[in-house]
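Open the model in your viewer and keep the selection panel at hand. The tour goes from one selection to the next.

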Amino acid sequence: MEKSSEDGKEEITIALASDWATDTVESDMIGDLIANKDPDYTIHLGDTYFVGMKEEIRDNFLAKNCSWHRGASGSFAMLGNHEMYSRGISYYRDLLPSMGVYSKEKKKYAGQKASYFCLENDHWRVVSLDTGYNSVGIPLIEYILKPKCDFRKEILTWLKEDVKIDQDKRGIVIMTHHQYCTAFENEEEYLKPAEQLAEIIGKDRPVIWIWGHEHRLTLFGKYSSEKGITAYGRCIGNGGMPIEFKNKIIPERIKDRNLKLYDERVYSKIKNIETGYNGFTMLNIKDNELKLEYFDIKDNLVVSEEWTADNQSGEIKNTELKVDLNDPGIILIK
Ligand SMILES: [Fe+2]
């Protein structure tokens with residue numbers, strides 16, 4: 001768990017972007033928008049394109065003119081599958097030492113020690129976990145024996161013995177690169193991490209779960225798989241990669257997965273193929289209040305939601321999703 005130099009500050013803002021590191025005009029624009037919000041922390045939820053090589057890590061995160069914005073108090077990077085296509089070497093060797101909590105004394109970021117971490121106050125815990133490490137299988141064989149993106153045993157031990165996630169009643173926000181569920185064709189559902197979490201915190205304790213990997217903005221209501229935790233899923237994988245619309249909704253999943261909102265707006269065309277809006281998310285925590293605001297690449301606030309946590313009862317409560325942008329391409333399911 002990271003201790004911030006801003007410990008004790010009442011209100012904390014965290015900018016989140018996933019599947020962002022494309023080093024494109026779009027990722028540069030998102031990086032600038034995040035910088036303009038002046039967040040305390042910034043978190044990349046994984047995927048440095050295309051294979052997380054040192055040149056790609058450099059161009060997105062390390063070069064003097066790179067587009068990644070480091071938060072005033074800290075900046076963190078999660079591990080996706082794309083960094084693992086080069087065995088995560090540059091992610092661990094080059095990127096993580098440049099991230100972490102900002103040390104005012106040393107005037108530098110202190111280094112991120114692992115691919116998983118927890119930010120917390122007295123009411124909420126934001127627990128970022130690594131589904132990337134076990135996301136890449138053996139070439140060709142992985143088409144039959146699909147990677148499960150399960151958490152390594154070190155992470156489970158850390159959750160139980162250091163975070164002690166099951167031993168208090170603060171609200172929980174889980175963040176991973178890979179999705180728990182999806183409503184779209186040709187996308188995987190990674191159930192194993194949800195089952196591993198259920199073994200520690202129980203199946204019925206609801207959490208907010210933010211993920212990427214799928215290049216969409218998609219929000220779900222309360223959902224649990226047969227053996228997985230109960231989660232309100234938020235897919236924010238629209239950070240930098242072009243958003244394609246070729247994968248259609250599986251109609252029965254709308255009810256089964258409790259789909260609440262998705263963004264079908266057309267932003268641009270590439271080679272005559274329509275692409276959607278990239279975006280980022282602002283997570284704001286003040287005492288027991290938590291706010292999520294989903295922005296697009298034009299800095300429009302698309303949708304927002306507010307939560308409260310009761311650290312005595314363990315209950316978390318949310319408002320209805322508030323669609324802030326009036327556009328028929330924002331599909332809200334009642
Ligand atoms: Fe991914």
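A residue counts as buried when its relative accessible area is under 20%. The model on screen is predicted.

Start with cysteine 149. Its relative accessible area is 0%, so cysteine 149 is buried. A disulfide would need the pair of sulfur atoms within 2.5 Å. Across the whole structure, the search finds 0 disulfides.

Then select cysteine 66. Its relative accessibility is 18%, and cysteine 66 therefore also counts as buried.

Move on to the iron ion. Which residues coordinate the iron ion? Show Asp47 (OD), Asn81 (OD1), His177 (NE2) and His213 (ND1), which sit at 2.1 to 2.2 Å from the ion. The angles among the 4 donor atoms run from 90 to 160°, and the site is irregular. Along the sequence, the donor residues follow the spacing D-x33-N-x95-H-x35-H. Asparagine 81 belongs to helix H3 (residues 81-84), while histidine 177 is in the loop between strand E8 (171-175) and helix H6 (192-201), so this pair ties together parts that are 96 residues apart in sequence. Asparagine 81 and histidine 177 are both buried.

Finish with two helices. Select helix H5 (residues 153-161) together with H6. Their axes come within 11 Å and cross at roughly 25°. Angles under 35 degrees count as roughly parallel, and H5 and H6 are therefore roughly parallel to each other. Their crossing is right-handed.

How values were computed: Residues are numbered from 1 along each chain as its sequence is written. This is a predicted model: local features need pLDDT of at least 70, side-chain atom pairs count only at pLDDT 80 or more; totals for chains, interfaces and linings use all residues. Side-chain values use heavy atoms; hydrogens and water are left out. Buried means under 20% relative accessible area, exposed over 50%, partly exposed in between (1.4 Å probe, protein chains only). Donors are N, O and S atoms within 2.8 Å of the metal (3.2 Å for Na, K and Ca); water is not among the atoms, so sites may look incomplete. Four donors count as tetrahedral if all angles lie between 85 and 135 degrees; four count as square planar and six as octahedral if opposite donors are over 155 degrees apart and all others between 65 and 115; anything else is irregular. Helices (H or I, at least four residues) and strands (E, at least two) are DSSP runs, numbered from the N terminus. Axes are lines fitted to C-alpha atoms, for helices over the stretch in contact, and angles run from 0 to 180 degrees between N-to-C directions. Angles under 35 degrees count as roughly parallel, over 145 as roughly antiparallel, 65 to 115 as roughly perpendicular and the rest as oblique. A crossing is left-handed if the near helix is turned anticlockwise from the far one by less than a right angle, and right-handed if clockwise.
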